[in-house]
Amino acid sequence: MPIPGSGLAKGLAVTLRTMTKRSHTAQYPDVQPELPPRSRGVIGLFEENCTVCMLCARECPDWCIYIDSHKETVPASTPGGRERSRNVLDRFAIDFSLCMYCGICIEVCPFDALFWSPEFEYAETDIHELTHERDKLREWMWTVPAPPALDPAAEEPKEIAAARKAVEKAEAAAAAVAAEAAARAAENEPPTTPNPEGDA
């Protein structure tokens, strides 16, 4: 059975220990804070990777991502081929007054078009200005830290392993074709006949 008042005594002891320590003041904004490498500041957009699949906007629980696009016809790349249509991004905006920084949009993006940036200084005096368009999101893209180095003992990524095997297979096939061509050339080479008169 706990002693009556022991919880109060423990709380007062923590308070006394804190009172005797010197306080540390962060000199922000003159000195920037050292943020953890995976800080969730804002979301950067790598526009070239966006295919306007709308997956991020559909999965967003706050519906704070606004995307507009149109279709363009791409002419056939080969004669007799058919024309194709592709989506062209017109608008990509995120309303950070609604965003709850869950990161679902970044997780579900199949083409790596969205990334976390550690930037956090984007306060505005008007809530309407917290809706940032794709130009601002692209600026934040260049503040995204590089991914951490892979563990040396980790398994090789499947994509890299498949690409390496394909290259090795192609090199082996090319070497076999070259060896076969050399063998055929050696078979078709006319035999050398000795010169009866001898060398001059």
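User: What is the relative accessibility of Glu72?

Analyst: This is a predicted model, in which local features need pLDDT of at least 70 and side-chain atom pairs count only at pLDDT 80 or more, while totals for chains, interfaces and linings use all residues. Residues are numbered from 1 along each chain as its sequence is written, and side-chain values use heavy atoms, with hydrogens and water left out. Glu72 belongs to strand S2 (residues 65-74); strands are DSSP runs of E with at least two residues, helices are runs of H or I with at least four, and both are numbered from the N terminus. Buried means under 20% relative accessible area, exposed over 50% and partly exposed in between, with a 1.4 Å probe and protein chains only, so Glu72 counts as partly exposed at 32%.

User: Which side chain makes a polar contact with the side chain of Glu72?

Analyst: A polar contact is a pair of N or O atoms within 3.5 Å; within protein, one must be able to donate a hydrogen and the other to accept it, and residues adjacent in sequence count only if both atoms are side-chain atoms. For the side chain of Glu72, a distance of 3.3 Å meets this limit, and the partner is the side chain of His70.

User: How far apart in space are Glu72 and Arg84, C-alpha to C-alpha?

Analyst: Contact here means heavy atoms within 4.5 Å. Not counting residues up to four places away in sequence, Glu72 touches Ser85, Arg86, Val88 and Arg84. Glu72 and Arg84 are 12 residues apart in sequence, and their C-alpha separation is 8.4 Å.

User: Why does Ala93 count as buried, and at what relative accessible area?

Analyst: Ala93 sits in strand S3 (residues 84-95). Beyond its neighbours within four places in sequence, Ala93 is in contact with Cys64, Ile65, Tyr66, Thr131, His132, Glu133 and Leu137. Ala93 counts as buried because its relative accessible area is 0%.

User: What is the relative accessibility of His132?

Analyst: His132 lies in strand S5 (residues 131-132). Leaving out residues up to four places away in sequence, it touches Phe92, Ala93, Ile94, Phe96, Tyr122, Glu124, Leu137 and Trp140. His132 counts as buried, with a relative accessibility of 7%.

User: Which residue has its backbone oxygen 2.7 Å from a polar atom of the side chain of Ser39?

Analyst: Ser39 is in the loop between helix H1 (6-20) and strand S1 (42-45), and it counts as buried at 15% relative accessibility. Away from residues up to four places off in sequence, Ser39 touches Trp116, Ser117 and Pro118. The backbone oxygen at 2.7 Å from its side chain belongs to Pro36.

User: What is omega for the cis peptide bond between Tyr28 and Pro29?

Analyst: Most residues other than glycine have a negative phi, and most peptide bonds are trans. Pro29 is placed in the loop between H1 and S1. The bond joining Tyr28 and Pro29 is cis, with omega at about 10 degrees.

User: Near what value is phi of Val52?

Analyst: Val52 lies in the loop between S1 and helix H2 (55-59). It is buried, with a relative accessible area of 6%. Its phi is positive in a residue other than glycine, near 55 degrees.

User: What relative accessible area does Tyr101 have?

Analyst: Tyr101 is in the loop between S3 and helix H3 (104-108). Its phi is positive, near 55 degrees, in a residue other than glycine. Tyr101 is partly exposed, with a relative accessible area of 24%.

User: How far apart are the C-alpha atoms of Phe111 and Phe46?

Analyst: Phe111 lies in the loop between H3 and strand S4 (114-117) and counts as partly exposed at 42% relative accessibility. Not counting residues up to four places away in sequence, Phe111 touches Asn49 and Thr51. Phe111 and Phe46 are 65 residues apart along the chain, and the C-alpha distance is 9.7 Å.

User: What radius of gyration does the protein have?

Analyst: The C-alpha trace spans about 120 × 50 × 45 Å along its principal axes. The radius of gyration is taken over C-alpha atoms, and the globule rule is 2.2 Å times the number of residues to the power 0.38. A compact globule of 200 residues would be near 16 Å, but the protein has 32 Å.

User: What share of the 200 residues is buried?

Analyst: The protein has five helices and five strands, in the order α-β-α-β-β-α-β-β-α-α. Among contacts between residues at least 6 apart in sequence, 72% join residues at least 24 apart. The buried share of the 200 residues is 18%.
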